[in-house]
Amino acid sequence: MSEPDAGPHTGRGPGRLLVAVYGLLALAATGRSILQISEYFDRAPVSYVLSALAAVIYVVATVGLARGDRSSVRLATVALTVELAGVLVVGALSYALPSAFPDKTVWSHFGAGYGYVPLLLPVLGLWWIRHTRRRAALTS
């Protein structure tokens, strides 16, 4: 027996793919930041700490989008906004101050080491949240 449809939800339908990609990125960023901090921290501590921060933000976004309730979506919205600002600021700084980013991190060079997914994903995530809110408003 299926549960009744509770209306639009960020973790349902195409949102499942978004949650899966965020989950995968969270794992990748976490693994990379742990390695960089444990093995190479003295090379570029600021960039590696920012990489770890990105990993935490990806975990928060994943959980918020997957849960889909009002407070979780608000938290995900904040996480995605911080993520977008982070990738833009760190991406620009990594070109302006390349010595501060000697190794690739998740946000350096606008996420080039991750196929620019870190740049595109928060835009897509924020759009999806807005889209599901509009659908929810139309169905209520």
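These are my notebook entries on a predicted model of one protein.

**Ground rules.** I number residues from 1 along each chain as its sequence is written. Because the model is predicted, I read local features only at pLDDT of at least 70 and side-chain atom pairs only at pLDDT 80 or more, while totals for chains, interfaces and linings use all residues, and side-chain values use heavy atoms, without hydrogens and water.

**Confidence.** I looked up pLDDT, the predictor's confidence in each residue, from 0 to 100. The protein averages 90, and 94% of the residues score at least 70. H3 has the highest confidence, at a mean of 96, and H4 the lowest, at 90. Over residues 1-5, pLDDT stays under 50. There the model has 2 contacts beyond four places in sequence; a contact means heavy atoms within 4.5 Å. Where pLDDT is low, the predicted coordinates should not be read in detail.

**Overall build.** I found 4 helices and 0 strands. Both are DSSP runs, numbered from the N terminus: helices are H or I with at least four residues, strands are E with at least two. The pattern along the sequence is α-α-α-α. The C-alpha trace spans about 55 × 30 × 25 Å along its principal axes. Of the contacts with a separation of 6 or more, 67% join residues 24 or more positions apart.

**Helix H1.** H1 covers residues 15-40, which is 26 residues. From first C-alpha to last, H1 reaches 36 Å, close to the 38 Å expected. The expected span is 1.5 Å times one less than the number of residues. Next I checked burial: buried means under 20% relative accessible area, exposed over 50%, partly exposed in between (1.4 Å probe, protein chains only). Among the buried residues of H1 are Leu18, Tyr22, Leu25 and Gln36. Their cover includes helices H2 (45-67), H3 (70-96) and H4 (117-139). Across the protein, buried residues make up 37% of the 140.

**Ile37.** Ile37 also sits in H1. Is Ile37 buried or partly exposed? Ile37 counts as partly exposed because its relative accessibility is 32%.

I looked at two residues here. Phi is near 50 degrees for His109 and near 60 degrees for Phe110. Both values are positive, in residues other than glycine. Most residues other than glycine have a negative phi. His109 is partly exposed, at 23% relative accessibility. Phe110 is partly exposed too, at 22%.
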